[in-house]
Amino acid sequence: QSSVISPPIRSMIGGNECTIRFPTTESDGFIVADTEGIGNIVAASLLTGLPENGLMKDGPCAIIGGYFNSPTLVASQFATGWDIPLISHGSDDIHLGRKIFDHTHATRTSVDIASIASAVVAHLKHIGRTDFLSIIYSSDEYGTSYAETLKTVAKTAGFNQIQSEKIQYPWTEINPDRSVRYIMDVIKKKDYRTVLVAIPHYAWLEVLPLLADAAEEFGTNGEDYVWMLAGSVDLDQWTMDKEPLNTNITKFLKGAGIIRQIDKFVIPAVDGMEDPFLQSWRAKGSNPSFVELVNRVNPISEGSSGYYSIPANSSLAKKFFETVYPKPGAGFIYDAVMAVGLGACKSQKRDKPQHRKTGQVACENTCSNFFSNCVQNVGCVQCAKGLQNEKSRLARNGSCVPGCVPTDSMVLKCPDLRDFIVGTNSTGNSLDGAGEKSNSSEYFRNKSCRHTNSGNGHLDGILSTSFFGATGKVEFCEKIASSSNPRNRPRNSV
């Protein structure tokens with residue numbers, strides 16, 4: 001936990017001490033595994049950690065990860081079988097956390113397909129594309145789920161003319177009516193000029209060049225076409241690494257949109273204020289013991305991806321952290337680790353006798369009083385901004401966690417406060433997926449499932465926690481229209 005990113009842990013669990021500590025050695029039960037985005041690697045990694053295999057004294061207490069869907073779904077089934085929580089930092093699979101799909105012990109600090117589809121539709125409406133949507137999707141489960149979800153969301157938003165075209169591996173004329181080139185010809189003839197492509201992350205390396213070449217051939221890469229690419233597309237890889245190799249890719253990507261979750265540290269600094277997570281990252285190179293710890297818990301062999309030959313106590317280590325950016329998802333996995341720890345603290349706290357007036361209640365009462373005075377002086381909007389800023393007088397004087405869940409008395413003063421502080425930009429305005437001010441409460445934290453009862457105390461502790469982390473305000477339980485999912489993070493908070 002970094003005090004640069006989050007308030008002290010004690011303040012986030014009601015003023016009590018927490019004796020939960022993460023192990024930092026494999027013999028104590030800390031295992032790091034690179035799944036390479038492949039599901040079948042996960043099983044071997046998880047089974048290695050079982051007590052009968054000699055690495056753990058007890059069974060695992062939680063699983064953090066993965067970033068992609070395939071390994072996450074495999075790990076989630078293990079978590080359910082072992083009755084431990086899993087928290088993903090990147091999977092957008094809609095099945096996670098749903099009982100009927102046997103992923104009952106999973107949650108995420110990321111968002112799911114439904115949330116991303118809503119952001120896609122909101123953006124299209126924002127730029128004036130309100131109908132005639134074409135969806136190119138892969139024949140696997142990911143592509144099919146994405147296409148169906150997007151169609152549902154688009155229809156709800158008023159789109160009437162929606163067509164979907166399926167492509168299938170190996171994406172070429174070997175499957176004539178499922179090839180990228182064939183589908184591009186179909187789109188050209190039907191004259192639908194708003195196109196979304198939904199394929200799994202591992203397929204982009206092969207599919208994107210085919211898309212770019214076919215778009216050039218059929219003239220569907222002009223300014224009158226809007227292309228949206230869904231999922232984990234590495235834009236830097238294609239615009240920088242591949243530009244000399246395929247000019248069609250460069251042309252195709254100009255003006256294309258990529259809808260995905262992003263870490264806050266990739267957003268340019270506002271008013272000269274560097275992102276707290278990035279600020280903390282930059283300072284790690286000056287801490288040799290931290291670098292040694294990272295090397296010990298996640299050794300990378302020479303020649304492998306991510307390998308750097310840098311002594312922990314050298315100036316090169318300092319330069320590395322000062323110049324190299326964290327990988328995508330780094331902020332989300334930081335928050336996943338925090339949520340697992342805080343959830344364990346909360347679970348531990350529930351097992352102890354509770355006094356009527358806990359530290360959390362005292363903090364909330366103090367915060368409410370300061371908030372009331374703040375409203376009288378500067379109004380609801382400015383005070384809501386203050387809750388989001390850990391350096392503000394309101395946050396410091398009120399002993400509030402930045403972005404804390406408003407108390408009833410605070411909401412009574414400012415009825416829109418609950419929706420206002422769930423998702424904000426640097427100006428304090430609530431955002432929807434298109435970057436517009438939103439008065440809608442379609443997506444928000446559902447008060448009715450704040451106290452979940454999943455049957456697993458640790459998971460309930462995670463789902464009931466709320467804190468300010470590397471990716472903004474982290475909380476769970478999203479309500480969409482009349483339904484809610486206690487294991488989903490509200491879209492407007494990402």
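How many of the residues of strand 7 are buried? Five of its five residues are, so that strand 7 is mostly covered, where buried means under 20% relative accessible area, exposed over 50%, and partly exposed in between (1.4 Å probe, protein chains only).

**Before selecting anything**

This is a predicted model, in which local features need pLDDT of at least 70 and side-chain atom pairs count only at pLDDT 80 or more, while totals for chains, interfaces and linings use all residues. Residues are numbered from 1 along each chain as its sequence is written, and side-chain values use heavy atoms, with hydrogens and water left out.

**Stop 1: the whole chain**

Display the chain as a cartoon. There are 19 helices and 13 strands; helices (H or I, at least four residues) and strands (E, at least two) are DSSP runs, numbered from the N terminus. Of the 494 residues in the chain, 48% are buried. Contact means heavy atoms within 4.5 Å. Among the contacts in the chain with a separation of 6 or more, 68% are between residues 24 or more positions apart.

**Stop 2: strand 7 and its sheet**

Select strand 7 (226-230). In a regular strand the side chains alternate between the two faces of the sheet. Here V226, M228 and A230 lie on one side and W227 and L229 on the other, and all are buried, which leaves both faces covered.

Two strands pair if DSSP finds at least two bridges between them.

Two pairings may be followed residue by residue. Strand 6 and strand 7 are joined in the parallel sense by five bridges, and V197 has L229 in strand 7 as its bridge partner. Strand 7 and strand 8 are joined, also in the parallel sense, by three bridges, with A230 opposite I259 in strand 8.

**Stop 3: helices on the sheet**

**Stop 4: helix 5**

Which elements do the buried residues of helix 5 pack against? They pack against helix 3 (69-82), helix 4 (113-126), strand 4 (133-138), strand 5 (162-167), strand 6 (194-198) and strand 7. Among these buried residues are Y142, Y146, L150 and V153.

Zoom in on the start of helix 5, where a side-chain oxygen of D140 comes to within 3.0 Å of the backbone nitrogen of Y142. After the helix comes G158, whose phi is positive, near 105 degrees.

**Stop 5**

Another open sheet has three strands in the order 1-2-3, with parallel pairing. Strand 1 (63-64) and strand 3 (106-108) are at the edges and have a single partner strand each, so one side of each lacks a neighbour in the sheet. Strand 2 (residues 86-88) pairs with strand 3 in the parallel sense over three bridges, and L86 is opposite A106 in strand 3. Helix 3 lies across strand 1, strand 2 and strand 3, at about 165 degrees to strand 2.

**Stop 5: aromatic rings**

Rings of Phe, Tyr and Trp (its six-membered ring) pair if their centres lie within 6.5 Å; planes under 30 degrees apart count as stacked, over 60 as edge-to-face and the rest as tilted. By this rule there are eleven aromatic pairs. Select F265 and F277: their ring centres are 5.6 Å apart and their planes at 20 degrees, so the pair is stacked. Both F265 and F277 are buried.

Finally, select F320 and F321, an edge-to-face pair at 5.2 Å centre to centre with 90 degrees between the planes. F320 counts as buried at 18% relative accessibility, and F321 is buried with a relative accessible area of 9%. Ring pairs link W281, F290, F320 and F321 into a cluster.

Key: Polar contact = N/O pair within 3.5 Å; in protein donor to acceptor, adjacent residues only side chain to side chain. Axes fitted to C-alpha atoms, helices over the stretch in contact; angles between N-to-C directions.
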